[in-house]
Amino acid sequence: MQKDLGVTDLELVEKVKSGNRGAFSELVKRHQRSVLRLSLRFVKDMDTAEDVTQEAFIKAYEKLNSFEGRASFKSWLFQIAVNTARNKLREWKRDTVDIDDVQLAVGAEAEKTLVHTAVADLLQQEVEKLPFKQRTALVLRVYEDLSFNEIADIMECPYDTAKANYRHALMKLRQTFEQQAELKNWTEEVGGFFMEVNQRFAEAEG
């Protein structure tokens with residue numbers, strides 16, 4: 001849709017509200033990859049992530065008239081995607097699938113620092129143990145590089161609550177590395193993920 005290249009998300013939303021359904025296709029094109037990537041952080045496989053993504057866009061289209069533009073369209077869409085993923089995890093739990101078997105996909109910039117399989121495996125296991133709100137704050141901050149204001153919008157909570165959830169998640173990860181002396185020493189030597197956790201913990205304290 002070449003003609004919409006210079007149009008903002010909010011302008012596209014207004015077009016859809018005015019009856020231009022085609023404008024929603026441009027919103028899907030703009031945000032499909034990021035919503036899919038986010039969904040993969042919470043669910044195990046690509047097929048399920050694609051289902052979550054499709055469902056999130058359907059819900060967004062159906063609820064578009066309730067979007068008032070107080071937050072960005074992306075934040076609003078991410079909020080729907082996170083809630084959809086959470087509901088999917090609850091469905092799995094009801095269907096007696098062990099929630100511990102649902103692996104979090106570790107990716108984006110943080111993956112560059114995971115230079116050893118043992119560290120990657122440990123991180124994945126520990127992130128999976130986090131309460132959903134803490135995991136959400138961690139994923140949105142570390143992997144999506146969103147601001148705490150954006151995270152608060154997505155999680156529908158105050159700024160301080162979003163930051164606290166992020167801080168508590170980092171505390172738990174740091175405690176794990178502190179308790180694993182060999183991993184801690186190794187990651188300190190190579191400047192790996194433990195160092196990044198410490199840097200981000202300092203950010204959360206600020």
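A residue is called buried when its relative accessible area is under 20%, exposed when it is over 50%, and partly exposed in between, with a 1.4 Å probe and protein chains only. The accessible areas themselves come from the Shrake-Rupley method with a 1.4 Å probe, and for residues only the protein chains shown count as cover.

The structure shown above is a predicted model, in which local features need pLDDT of at least 70 and side-chain atom pairs count only at pLDDT 80 or more, while totals for chains, interfaces and linings use all residues. Residues are numbered from 1 along each chain as its sequence is written, and side-chain values use heavy atoms, with hydrogens and water left out.

The overall plan of the chain may be considered first. Its secondary structure consists of 10 helices and zero strands, where helices (H or I, at least four residues) and strands (E, at least two) are DSSP runs numbered from the N terminus. Along the sequence, the pattern accordingly reads α-α-α-α-α-α-α-α-α-α. Of the 206 residues in the chain, 47% are buried.

The charged side chains come next. Side chains of opposite charge can pair when their charged atoms come close. A salt bridge is counted where a side-chain nitrogen of Lys or Arg is within 4 Å of a carboxyl oxygen of Asp or Glu. The structure holds eight such salt bridges.

One of them joins Lys 17 to Glu 14, with 4.0 Å between the closest N and O atoms. Both residues belong to helix α1 (residues 9-17), where they are three residues apart, about one turn of the helix. Lys 17 counts as partly exposed because its relative accessibility is 30%, and Glu 14 is likewise partly exposed because its relative accessible area is 45%.

A second salt bridge links the side chains of Glu 26 and Arg 30, at 3.1 Å from N to O. These two residues lie in helix α2 (residues 22-42) and are four residues apart, again about one turn of the helix. An α-helix has 3.6 residues a turn, so residues three or four places apart point the same way. Glu 26 counts as buried, because its relative accessibility is 5%, whereas Arg 30, at 28%, counts as partly exposed.

Which parts of the chain does the salt bridge between Arg 37 and Glu 144 tie together? The closest N and O atoms of this pair are 2.8 Å apart. Arg 37 lies in helix α2 and Glu 144 in the loop between α6 (132-143) and α7, so the pair ties together parts that are 107 residues apart in sequence. Arg 37 is partly exposed, since its relative accessible area is 33%, while Glu 144 counts as buried because its relative accessibility is 8%. Elsewhere, salt bridges that share partners join Asp 9, Glu 26, Lys 29 and Arg 30 into one network.

The loop between α6 and α7 also contains Asp 145. Asp 145 is not a glycine, yet it has a positive phi of about 55°. With a relative accessible area of 56%, Asp 145 is exposed.

Helix α7 (residues 148-155) itself has Phe 148, Ile 151, Ala 152, Ile 154 and Met 155 as its buried residues. They lie on the same side of α7, because they cover an arc of only 165° around the axis; the arc is that of the directions from the helix axis to the C-beta atoms. Among these residues, Ile 154 is buried with a relative accessible area of 3%. Ile 154 and Leu 77 are 77 residues apart in sequence, and their C-alpha atoms are 8.2 Å apart in space.

After α7 comes Glu 156, which lies in the loop between α7 and α8 (159-179). Glu 156 has a positive phi of about 55° although it is not a glycine. With a relative accessible area of 58%, Glu 156 is exposed.

Finally, the surface carries a negative patch formed by Asp 45, Asp 47, Glu 50 and Asp 51. Patches are made of residues with over 30% relative accessible area and no salt bridge, like charges being joined within 9 Å and nonpolar side chains (Val, Leu, Ile, Met, Phe, Trp, Tyr) within 5 Å. Asp and Glu count as negative and Lys and Arg as positive, while His and the chain ends are not counted. The place of a charge is taken as NZ of Lys, CZ of Arg, CG of Asp or CD of Glu.
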